[in-house]
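I opened the file and kept notes as I went. Each entry records one thing I looked up.

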Amino acid sequence: MGDIDARLDEVLTFLGATKTRATYGAVAAIAGGSAQSIGGRLGARRPAASWVVNGSTRLPTGYAKNELHPDLTQNAEVIRSGDVLKRRLALWLSGRQGPF
């Protein structure tokens, strides 16, 4: 699972750097596994992992207020598609800036 977890870490780094939320399903499409498995793979609830959210609530599942990133709702956007997340991540990794 090393490569899969490295990809998940890469996605979390992107989401935090761009202050953008993405759904569990979108993240699973990139990091592998199911949407239901992502929460467990994120590890301890912490601000850096709170960018991965439930599509309906737009918040991470089961997080206490002190576990949320302080900028979590600064950007209203929530990436809901694995394809969109993949494209945005690739652009970010290549060092290109918007538009996405």
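**Entry 1: terms and ground rules.** I call a residue buried under 20% relative accessible area, exposed over 50%, and partly exposed in between, with a 1.4 Å probe and protein chains only. This is a predicted model: local features need pLDDT of at least 70, side-chain atom pairs count only at pLDDT 80 or more, and totals for chains, interfaces and linings use all residues. Numbering starts from 1 along each chain as its sequence is written, and side-chain values use heavy atoms, with hydrogens and water left out.

Entry 2: I started with Phe14. It is buried, with a relative accessible area of 0%. I then searched the whole structure for aromatic pairs. Rings of Phe, Tyr and Trp (its six-membered ring) pair if their centres lie within 6.5 Å; planes under 30 degrees apart count as stacked, over 60 as edge-to-face, and the rest as tilted. The search found one aromatic pair. Phe14 and Trp92 form it edge-to-face, at 5.6 Å centre to centre and 65° between the planes. Phe14 belongs to helix α1 (residues 2–18) and Trp92 to helix α4 (residues 82–93), so the pair ties together parts 78 residues apart in sequence. Trp92 is partly exposed, with a relative accessible area of 26%.

**Entry 3: overall layout.** I counted elements next. Helices (H or I, at least four residues) and strands (E, at least two) are DSSP runs, numbered from the N terminus. The protein chain has four helices and three strands. Along the sequence the pattern reads α-β-α-α-β-β-α. The radius of gyration is 12 Å, close to the 13 Å that the globule rule gives for 100 residues, so the chain is as compact as a globular protein of that length. I took that radius over C-alpha atoms; the rule is 2.2 Å times the number of residues to the power 0.38. Along the principal axes, the C-alpha atoms fill a box of roughly 35 × 30 × 20 Å. Of the 100 residues, 33% count as buried. I also looked at contacts, meaning heavy atoms within 4.5 Å. Among those between residues at least 6 apart in sequence, 56% join residues at least 24 apart.

**Entry 4: the sheet.** In what order do the three strands of the open sheet run? The order is β2-β1-β3, with parallel pairing. Two strands pair if DSSP finds at least two bridges between them. Strands of a sheet pair through backbone hydrogen bonds, either parallel or antiparallel. β2 (52–53) and β3 (78–79) stand at the edges with a single partner strand each, so one side of each has no neighbour in the sheet. Strand β1 (residues 21–23) pairs with β3 in the parallel sense over two bridges. Ala22 stands opposite Ile79 in β3. Helix α2 packs on the sheet and touches β1, β2 and β3, with its direction at about 80° to that of β1. For such angles I use axes fitted to C-alpha atoms, for helices over the stretch in contact, and angles run from 0 to 180 degrees between N-to-C directions.

Entry 5: Is α2 largely enclosed or open? Six of its eight residues are buried, so α2 is largely enclosed by the rest of the structure. Those buried residues are Tyr24, Ala26, Val27, Ala28, Ile30 and Ala31. A nonpolar core is a set of buried Ala, Val, Leu, Ile, Met, Phe, Trp, Tyr and Cys residues joined through side-chain atoms within 4.5 Å. The largest one has 22 residues, and those with the most contacts inside it include Val11, Val27, Leu42 and Leu85. α1, α2 and α4 each supply at least two residues of this core. α2 gives the most, with six residues. I then listed partners of Leu42. Beyond its neighbours within four places in sequence, Leu42 contacts Leu8, Leu12, Tyr24, Ala49, Val52 and Tyr63.

**Entry 6: positive phi and loops.** Most residues other than glycine have a negative phi. I checked for exceptions. Lys19 has phi near 50°, a positive value in a residue other than glycine. Lys19 lies in the loop between α1 and β1 and is partly exposed at 26%. Arg58 has a positive phi near 65°. Arg58 lies in the loop between β2 and β3 and is partly exposed at 29% relative accessibility. Gly32, which follows α2, has a positive phi near 90°.

**Entry 7: Ser34.** Ser34 lies in the loop between α2 (24–31) and α3 (35–41). At 34% relative accessibility, Ser34 counts as partly exposed. Its C-alpha atom is separated by 21 Å from that of Gly16, 18 residues apart along the chain.
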